[in-house]
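Let's look at a structure together, one question at a time. Have the sequence and the 3D view open.

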Amino acid sequence: MSPKSFQDLIDEVHEKGICQECGGCVSFCSSAEFDVIGFKDPYSPPIYINKEKCLECGICYYICPQTHVLDEELSKTFKFSDFSSMPIGNFLDIYSCQASNEEFLEAGTDGGVVNSIINYLIEKKIIDGAIVSKVDAPFSREAFFSDNKDDLLKASGAKLEISQQLDEIQKFSTYAHSISELNHYKFKKLAVVGTPCQIYTMRCMENLGVTPSQNIYIYLGLFCFENFMFNNAQIKKFEKDFNIKFENIEKINIKEDLIIKLKDGKIIHVPFNHLADYMRPACNACNDFTNIYADISFGGLASPDKYTTVISRTEKGKKILSNAMDEGVITRLDIDNTRKNKMKESITQFSQLKVKRKEKFMENLN
Ligand SMILES: Cc1cc2nc3c(=O)[nH]c(=O)nc-3n(C[C@H](O)[C@H](O)[C@H](O)COP(=O)(O)OP(=O)(O)OC[C@H]3O[C@@H](n4cnc5c(N)ncnc54)[C@H](O)[C@@H]3O)c2cc1C
Ligand code: SF4
Ligand code: SF4
Ligand code: SF4
């Protein structure tokens with residue numbers, strides 16, 4: 001392969017409109033203190049800020065989820081052979097879990113399991129803290145380092161001096177430059193939480209042995225079918241399309257569709273294929289729904305209300321989960337193999353839908 005640089009990412013990724021804004025390229029380059037690229041605003045792909053300083057090392061190119069240069073290497077590491085026939089990825093077990101702690105359960109998106117596990121790892125001194133994120137402005141999430149329960153509850157609750165209804169939608173914004181935040185905690189042992197695009201680029205860094213991946217102890221991955229963009233005009237259109245008022249929204253969850261709970265108790269289900277006008281276009285070019293390279297993956301799909309679907313993928317992930325269950329940090333539903341198979345089927349179905357959506361999108365792009 002000819003030597004690559006950030007210019008190749010601009011040509012092959014940004015100009016096609018498929019930059020997922022995962023932050024991987026910026027994180028590596030600024031961690032290596034090259035100071036060459038950065039984000040100008042949270043809604044646009046990164047740009048050159050000091051092009052003349054670019055060493056043309058190509059690392060930003062290799063770790064980008066849209067170049068797929070390291071796919072084969074990652075498949076070997078994760079003993080993963082065929083994404084098209086097994087888009088759910090390799091896994092060890094699947095559960096429906098819930099936080100035992102009322103505060104995490106109440107503030108959590110689903111069962112409050114992700115933040116409960118992080119809190120447990122901090123209390124046990126297995127990690128120094130985690131890179132999580134909270135809403136900092138309309139449709140923007142600020143990544144931050146948390147090493148205590150109060151901060152973790154802020155990451156769950158997403159409270160800001162804006163309406164609670166906006167907070168609900170903003171839970172599903174990926175504009176959290178979590179990976180860049182890693183650079184500030186070079187001497188800590190960390191957990192990171194991320195969407196599939198974010199976990200992919202961090203695993204690529206780990207595979208290449210480049211900074212700042214050396215500090216990551218555990219990769220906690222969220223399911224993600226797509227991400228949303230809402231400006232004022234889109235909010236108005238959304239209200240008209242679905243005949244609701246934002247001010248009447250109590251809570252939003254994403255499972256097999258977008259679930260809107262209204263203050264009067266009514267529940268509205270909006271299928272993903274009705275949300276095309278609000279979806280971030282680059283998400284069309286993404287095929288991983290369940291976060292296949294995480295140590296543990298978490299989603300709402302296939303579990304009842306107030307429970308999180310949890311997939312253990314690595315031995316490390318499995319052990320942490322089992323210890324958290326044994327110590328009563330999280331509880332799990334007692335489900336038999338028939339129910340587990342149903343959960344797998346439903347998750348596989350969504351994973352396949354995402355793979356097909358990408359194939360179609362890329363065909364039209366080429
Ligand atoms: C953009 C997005 C899309 C999703 N799409 C789906 C879907 O289609 N189907 C599905 O079943 N589940 C989806 N999920 C996952 C689901 O909404 C819950 O996050 C998951 O079930 C965990 O719930 P919990 O209550 O256990 O987590 P909590 O205990 O509430 O913890 C959530 C953690 O995630 C972190 N976090 C939240 N948003 C981000 C972000 N953007 N980037 C990095 N970290 C973040 C928070 O800081 C917190 O630490 C999506 C999540 C996101 C963020
Ligand atoms: S120095 Fe390397 S990582 Fe940074 S922009 Fe240039 S090619 Fe990319
Ligand atoms: S690494 Fe991430 S942010 Fe950088 S170009 Fe690729 S998708 Fe975009
Ligand atoms: S669908 Fe989710 S994982 Fe894929 S690019 Fe969009 S935000 Fe990232």
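Q: Which element supplies the largest share of the shell around ligand 1?

A: A residue counts as near a molecule if its C-beta atom, placed from the backbone, lies within 6 Å of it. Helices (H or I, at least four residues) and strands (E, at least two) are DSSP runs, numbered from the N terminus. Here the largest share, 3 residues, comes from H6. This is a predicted model, where local features need pLDDT of at least 70, side-chain atom pairs count only at pLDDT 80 or more, and totals for chains, interfaces and linings use all residues. Residues are numbered from 1 along each chain as written, while chains are lettered from A and ligands numbered from 1 in the order written.

Q: Which residues come nearest to ligand 1?

A: Out of 34 around it, Gly-108, Val-132, Phe-225, Gly-299 and Leu-301 come nearest.

Q: And which come nearest to ligand 4?

A: That shell has 11 residues, and Gln-20, Cys-197, Cys-224, Cys-283 and Cys-286 come nearest.

Q: How do I read a sheet, and what is the order of the open one with 3 strands?

A: Strands of a sheet pair through backbone hydrogen bonds, either parallel or antiparallel. Pairing here takes at least two DSSP bridges between two strands. The order is E8-E9-E10, with antiparallel pairing. Strand E8 (249-254) and strand E10 (267-270) are the edges, each pairing on one side only.

Q: How many bridges join E9 to E10?

A: Strand E9 (residues 258-262) is joined to E10 by 4 bridges. For one of the residues, Ile-260, the bridge partner in E10 is Ile-268.
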